[in-house]
Protein chains: 4
Amino acid sequence: MPSTIAQPAAAMDALDRARALLGYVLVSAEPGRAVVHMTVRDDMVNGLGVCHGGLIFTLADSAMAHASNSDGEAAFAVAASIDFVSPGVTGAVLTAVAVEQFRRGRTALYDVVVTSDSGDVIARFHGRTQHRSSA
Amino acid sequence: MPSTIAQPAAAMDALDRARALLGYVLVSAEPGRAVVHMTVRDDMVNGLGVCHGGLIFTLADSAMAHASNSDGEAAFAVAASIDFVSPGVTGAVLTAVAVEQFRRGRTALYDVVVTSDSGDVIARFHGRTQHRSSA
Amino acid sequence: MPSTIAQPAAAMDALDRARALLGYVLVSAEPGRAVVHMTVRDDMVNGLGVCHGGLIFTLADSAMAHASNSDGEAAFAVAASIDFVSPGVTGAVLTAVAVEQFRRGRTALYDVVVTSDSGDVIARFHGRTQHRSSA
Amino acid sequence: MPSTIAQPAAAMDALDRARALLGYVLVSAEPGRAVVHMTVRDDMVNGLGVCHGGLIFTLADSAMAHASNSDGEAAFAVAASIDFVSPGVTGAVLTAVAVEQFRRGRTALYDVVVTSDSGDVIARFHGRTQHRSSA
């Protein structure tokens, strides 16, 4: 029987109902690094015809969650910032790559870059996570 | 026939498919201020059993979008930051209040506070918007 | 003999050598709120002829430090963000008003607004502090 | 006679009176990348005995300014955020390395990492600049 310790990323994945809501695909997750894909659907665009910035943030935040939880311990975001630089249009396949930049004790910092299959950078995200136990 | 000039917030609302995805309710929108409600559903909680931070960001970002578009001109977020201070649990009714703090030319700054019907502050959000024409 | 408990803001003030460097004046400090003034000197302007953004950040950060330390316990900034919206020119008198927006346990959030005696908003700052003991 | 086009970083340097105030040394500057050093002086420490966070921000912001102005055109910071992760103590030699992460038209994004000669990461900074002309 798989334990949440042995397969934490898979466990996270199974638990993550928001993942179903957004329909993103977890491409890879290892301690300190994760990659997710999401296709911009018709129901994700806002009044201006482009992907809701909140959903792009959510994609980046999810990538960070997978990277920060993949060692089997609970971690949660305490703060984050994002710069939106290009719109994500309907049908675009977005990729978010989260990489840990700093870790000490219970605090870690992540950078996440979101790009489109068009080659454009869509957004850059920076997050701070808090871990339940120190590394 | 209603024009997008005369009823911009309603038009935004009608166009906003993301609103349906999240199921938030636009309580009020006037130039520089908007209030939205969202109930945390089962499919919004993350692997840790609390509302996905990205969806809380999305709620706050939506409130800002309604406040910044309610004068009938297109505005979009260029950057935002958020501090998560309490979890949003399943069933909680979250309220996001967006208030414009600064406006000059094409740039505006907004603060958004997200609270729960439990009385807790859930998050504080700060965003920068860019407007297609100057005020 | 004044104790650091009884007069923490004064103690902070006395200790704060950076205050001398920047020449700012502590107008008022009480738990959760502080006001500081700084005149933009010739040696504070950058290559573009306006006050170095870092010094405006430092002014805002100092206001937050006075507000968060005025109850006699040590607090330090863990993160902050700033939006620069108007330049501070030589000779301008800048005022930074820091107000606590949230506090629970060891974490607090502050907003600081920096204005000029010309009436312009110069910058808006948001900071997160960590306190050595919970409130 | 040196032109501001041919030697923009040197020109910035000559103009930058704040540089004298902080005593930082410009190690290198090329378009999109700059390195600066600063020794933490007695007059830079705050009431808690460590380098004022504002001055660490100023160092990072200065590194970004040199990187973003080194192609000879005026650029200025419109927003920035910083995470403070270790204190800078008196006598420590801090190094800030600014690297452009994104550039399109008049907007650029920079990451700056500040480290100490002790080997510690002191802070991570993220900034957005606006350029007077598009690249």
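Trainee: What kind of model is it, and how is it numbered?

Mentor: This is a predicted model: local features need pLDDT of at least 70, side-chain atom pairs count only at pLDDT 80 or more, and totals for chains, interfaces and linings use all residues. Residues are numbered from 1 along each chain as its sequence is written, and chains are lettered from A, with ligands numbered from 1, in the order in which they are written.

Trainee: OK, sheets. What is the strand order in the one with E1(A)?

Mentor: The order is E1(A)-E2(A)-E4(A)-E5(A)-E6(A)-E3(A)-E3(B)-E6(B)-E5(B)-E4(B)-E2(B)-E1(B), twelve strands in an open sheet with antiparallel pairing. Strands here are DSSP runs of E with at least two residues, helices are runs of H or I with at least four, and both are numbered from the N terminus. Two strands pair if DSSP finds at least two bridges between them.

Trainee: Which strands are at the edges?

Mentor: Strand E1 (25-30) of chain A and strand E1 (25-30) of chain B, each of which pairs on one side only. Neighbouring strands in this sheet are turned by 20 degrees against each other on average, direction ignored. Axes are lines fitted to C-alpha atoms, for helices over the stretch in contact, and angles run from 0 to 180 degrees between N-to-C directions.

Trainee: How many bridges join E4 to E5 in chain A?

Mentor: Ten, between residues 93-104 and residues 107-116, and the two strands run antiparallel. A:Arg104 has A:Thr107 of E5(A) as its bridge partner.

Trainee: And what joins E1(B) to E2?

Mentor: Five bridges to strand E2 (residues 33-39) of chain B, again antiparallel. B:Leu26 is opposite B:Val36 of E2(B). The two strands form a hairpin with two residues between them, and B:Gly32 in the turn has a positive phi of about 90 degrees.

Trainee: Is the crossing left-handed or right-handed?

Mentor: The crossing of H3(A) and H3(B) is right-handed, meaning that the near helix is turned clockwise from the far one by less than a right angle, with anticlockwise being left-handed.

Trainee: Which residues meet there?

Mentor: Among them are A:Leu55, A:Phe57 and A:Asp61 in H3(A) and B:Leu55, B:Phe57 and B:Asp61 in H3(B). Contact means C-beta atoms, placed from the backbone, within 7 Å. The residues of this contact divide into four nonpolar, eight polar and two charged. Ala, Val, Leu, Ile, Met, Phe, Trp, Tyr, Cys and Pro count as nonpolar, Asp, Glu, Lys and Arg as charged, and the others, Gly among them, as polar.

Trainee: And how do H3(C) and H3(D) pack?

Mentor: At an angle of about 160 degrees, with their axes 8 Å apart. The crossing of H3(C) and H3(D) is right-handed.

Trainee: Last topic. How many residues of chain C are in contact with chain B?

Mentor: Twelve, and they meet twelve residues of chain B. E6(C) gives the most to that side of chain C, with four residues. By class, the side of chain C that touches chain B has four nonpolar, four polar and four charged residues.

Trainee: What rotation superposes chain C on chain B?

Mentor: One of 180 degrees with 0.0 Å of shift along its axis, at an RMSD of 0.0 Å. That is the relation of a two-fold axis. The superposition is by least squares on the C-alpha atoms of residues with pLDDT of at least 70 in both copies. The same surface serves both copies, as 100% of the contact residues of chain C recur in chain B.

Conventions
Contact = placed C-beta atoms within 7 Å.
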